[in-house]
Amino acid sequence: MKEKFLKFILNPKYIFGVYLIIAIVTAISKYFRGNAINNYLIFKYTYFNTLLEKNLYLQYPEHFQDSNHYGIFFSALIAPFALMPDWLGISLWNIANTFIFIYAIHKLPFSDGKKALFALLCLQEFITAALSLQFNIALVGLLMLSATYIYEKKELKSAAALMVGVFVKIYGVVGLSQFFFIKNKTKFIIAGIVIALLFFVFPMIYSSPEFVIQSYKDWSVSLAEKNGQNQSLNSYQDISLMGFVRRILGDASISNLVFLSFGLPLFALPYIRIKQYKNYAFQLMILASTLLFLVLFSSGSESPTYIIAVVGVMIWFFLQKERSPLIIAMLIFVIILTCFSPSDLFPKSIKVNYIVKYSLKAVPCIIVWFRIIYELMTRDFEKDYSLQ
């Protein structure tokens with residue numbers, strides 16, 4: 001029995017199969033709860049509102065609550081699902097996001113056993129994101145794929161993965177953190193420009209050039225307004241390093257720029273170690289740092305966004321050649337407080353009065369990110385890390 005269990009959890013095919021099953025189950029469960037598919041309805045009407053050339057960033061309470069914050073190119077991605085009955089569109093939407101994610105794990109240079117454990121340790125955070133029908137599952141997969149394609153010298157595929165992320169959620173641009181590791185930078189840049197132009201023009205086919213250009217202007221206004229709303233001390237967003245500090249100090253007026261003024265230089269500091277660029281482990285550790293930075297320094301970070309940060313944590317953990325008690329303790333801290341804080345593991349009073357109120361979900365990831373920066377600055381990535 002023990003051997004069968006170990007064979008199951010160490011086989012990525014089985015774990016990936018579990019992911020696809022969960023993608024379907026979570027989607028269907030949300031559908032049958034009636035009003036629980038609001039995120040999907042926002043996505044769906046991005047396509048229909050584009051056809052009608054209606055402002056994509058206004059509220060339409062007759063169809064959904066809140067408002068859209070994705071770029072107009074997203075209307076092309078969601079179109080096949082939007083045209084289906086909701087129960088089917090939701091299911092296939094979750095499956096599509098999940099497939100991108102598990103394919104990205106498959107592409108990592110780890111053994112099959114490590115890939116299976118990697119996926120298993122991300123499972124709880126994946127469920128949180130899948131229940132919200134989030135694109136973040138696909139976004140983190142695209143960022144991982146962009147990085148692995150760079151190492152494989154597949155610049156066109158890398159640029160394509162990156163551009164999809166950027167044109168849907170603007171902060172996908174952090175994928176450019178891998179730019180210095182590209183061998184053929186000219187090919188990557190040309191591919192990126194061509195793909196960007198295609199993505200820009202494509203929605204004009206089923207709307208108009210004027211509407212697309214106006215939509216990008218509206219998008220920038222929408223994102224600026226959303227950033228201001230997120231910084232409220234009572235918001236369910238800003239679960240970040242910035243939100244943690246703002247809420248501990250009780251001061252929502254502290255600007256993002258204050259945090260970025262030290263966060264960006266710290267993030268960029270490891271790039272001075274040019275001799276380490278050739279090591280794939282170093283490149284992947286930069287990716288881990290990027291994924292954590294994206295979440296920890298964004299006021300838009302919410303609980304389902306943490307699939308991105310947790311993947312960064314797992315890349316860091318599975319690169320370790322030797323896992324000291326401290327490293328293991330840090331991972332356990334992430335799993336308990338970051339991954340399971342939205343679950344019934346914690347009483348509601350603790351979740352509401354402490355974890356949500358002070359953005360404590362971010363704390364383990366903050367600690368790991370500082371640890372990653374330390375390792376990037378001090379370790380020899382050829383000797384101290386393992387890709388197997």
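Here are a few numbered notes on this predicted model, to read with the structure open.

1. Let's start with the salt bridges. How many does a search of the whole structure find? The search turns up 7.

2. Take Lys107 and Glu152, whose closest N and O atoms sit 2.9 Å apart. This pair links distant parts of the chain, 45 residues apart: Lys107 belongs to helix α5 (residues 86–107), and Glu152 to the loop between α7 (136–151) and α8 (155–168). Lys107 has 17% relative accessibility, so it counts as buried, because buried means under 20%. Glu152, at 30%, counts as partly exposed.

3. Next, look for Lys361 and Glu125, where the side chains meet in a salt bridge at 3.2 Å, N to O. Lys361 is in the loop between α16 and α17 (363–378) while Glu125 is in helix α6, so this pair ties together parts that are 236 residues apart in sequence. Are these two residues buried or exposed? Both Lys361 and Glu125 are buried.

4. Another pair is Lys187 with Glu155, and here the closest N and O atoms are 3.8 Å apart. Lys187 sits in helix α9 (residues 185–201) and Glu155 in helix α8, so the bridge ties together parts 32 residues apart in sequence. Lys187 is partly exposed at 42% relative accessibility, whereas Glu155 is buried at 6%.

5. Now for the surface. Which residues form a nonpolar patch there? They are Ile328, Ile332, Ile336 and Leu345, with about 340 Å² of accessible area together. Leu345 is found in the loop between α15 (325–339) and α16 (348–356). Its relative accessible area is 52%, so Leu345 counts as exposed, because the cut-off for exposed is over 50%.

6. Leu123, in helix α6 (residues 112–131), is buried with a relative accessible area of 18%. Between Leu123 and Ile15 there are 9.2 Å in space, C-alpha to C-alpha, though they are 108 residues apart in sequence. Pro270, in the loop between α12 (256–268) and α13 (280–296), is buried too, at 0% relative accessibility.

Definitions and conventions:
Residues numbered from 1 in each chain as written. Predicted model: local features only at pLDDT ≥ 70, side-chain atom pairs only at ≥ 80, totals over all residues. Heavy atoms only, no water. Patch = residues over 30% accessible without salt bridge, like charges linked within 9 Å, V, L, I, M, F, W, Y side chains within 5 Å. Areas by Shrake-Rupley, 256 points an atom, 1.4 Å probe, with all protein chains shown as cover. Salt bridge = Lys/Arg side-chain N within 4 Å of Asp/Glu carboxyl O. Helix = DSSP H or I, 4+ residues; strand = E, 2+ residues; numbered from the N terminus. Buried < 20%, exposed > 50% of the residue type's maximum accessible area, 1.4 Å probe, protein only.
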